[in-house]
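Please look over the structure below. A short report on selected parts follows.

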Amino acid sequence: MSKKIIELPDACLEYFPGFFSQEESDRYLGYFLKSIEWQQDKIKMFGKEFLQPRLTALFGEKEKSYTYSGITMLPEPFPSPILNIKSKCEEILGEKFNICLLNLYRNGSDSMGWHADDERELGKNPVIASVSFGAERIFHLKHQKDPSLREKLVLENGSLLLMAGTTQHFWKHQLPKTKKKVGPRVNLTFRKVY
Ligand SMILES: O=C(O)CCC(=O)C(=O)O
Ligand SMILES: [Fe+2]
């Protein structure tokens with residue numbers, strides 16, 4: 001399994017291209033597009049409500065609620081394909097996860113804005129395993145204190161990105177829109193809620 005360490009100050013980032021084969025990735029993408037009950041959540045900004053520019057779903061162990069972008073969500077139990085992906089991540093990373101947030105970016109107009117995954121319930125140094133299937137998209141990182149520190153990563157079909165250590169304290173990340181004609185992308189982030 002090839003692994004690339006992304007050397008950035010105040011961060012711990014590791015990228016595993018081809019963590020899933022092309023064949024497995026295509027199968028998982030098809031499954032997620034067809035079998036997940038996707039929802040489009042609202043977000044409140046400046047006192048106004050907007051629809052998020054992507055679809056989401058939350059899975060997890062019983063009784064683990066998760067508050068994300070101001071919305072508290074109750075997870076559905078893990079379907080077996082997600083359990084299989086989770087086990088594979090846990091094995092290579094030596095970490096355990098109990099919830100999984102799924103995002104579906106239907107095309108290049110779907111996106112996720114700048115944020116850090118620093119909710120209290122994720123503990124002091126959140127460990128997040130981010131798995132991508134489908135269209136390649138660019139992932140941006142920027143340091144919260146030093147604006148000259150920025151990074152761009154291409155998240156490929158079947159890849160795994162680990163974010164750990166102090167990454168969420170010092171860095172924000174986003175998945176910007178793209179004008180390129182791109183197909184759907186499904187991203188799974190495995191997290192541990194305490
Ligand atoms: O889609 C991605 O790669 C990023 C997802 C993300 O940052 C999140 O779910 O918190
Ligand atoms: Fe995130």
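Does Lys 3 count as buried or exposed, and why? The model is predicted, and in it Lys 3 has 12 C-beta neighbours inside 10 Å. A residue is exposed if that number is 12 or fewer, so Lys 3 counts as exposed.

Lys 3 sits in the segment before strand S1 (4–6). Neighbours within four places in sequence aside, Lys 3 is in contact with Glu 14 and Phe 16. Phe 19 is 16 residues from Lys 3 along the chain, and the C-alpha atoms of the two are separated by 9.1 Å.

## Helix H2

Helix H2 covers residues 80–93.

Which residues of H2 are buried? They are Ile 82, Ile 85, Lys 86 and Cys 89. These residues cover an arc of only 100° around the axis, so they lie on the same side of H2. On the other side of H2, Ser 80, Ser 87 and Glu 91 are exposed. Just after H2 comes Gly 94, with a positive phi of about 65°.

## The annotated domain

The UniProt record, an unreviewed entry, places "domain: Fe2OG dioxygenase" at residues 96–194. In the model this span is 4% helix and 49% strand. Its end C-alpha atoms lie 11 Å apart.

## Around ligand 1

Which residues are around ligand 1? They are Leu 101, Asn 103, Met 112, Asp 117, Ser 130, Phe 139, Leu 155, His 173, Leu 175, Asn 187 and Thr 189. By class, the shell has five nonpolar, five polar and one charged residues.

Three strands each supply at least two residues of this shell: S8 (99–105), S14 (171–175) and S15 (185–191).

## Asp 146

Asp 146 lies in a loop. Strand S11 (137–143) and strand S12 (150–155) are on either side of that loop in the chain. Asp 146 counts as exposed because it has 11 C-beta neighbours inside 10 Å. Thr 56 is 90 residues from Asp 146 along the chain, and their C-alpha atoms are separated by 31 Å.

Key
Residues numbered from 1 in each chain as written. Chains lettered and ligands numbered in written order. Predicted model: local features only at pLDDT ≥ 70, side-chain atom pairs only at ≥ 80, totals over all residues. Near = placed C-beta within 6 Å. Nonpolar A, V, L, I, M, F, W, Y, C, P; charged D, E, K, R; others polar. Buried ≥ 20, exposed ≤ 12 C-beta atoms within 10 Å, placed from the backbone. UniProt positions renumbered as here; feature names shortened; annotations may be inferred. Expected span 1.5 Å × (residues − 1). Arc of directions from axis to C-beta. Contact = placed C-beta atoms within 7 Å.
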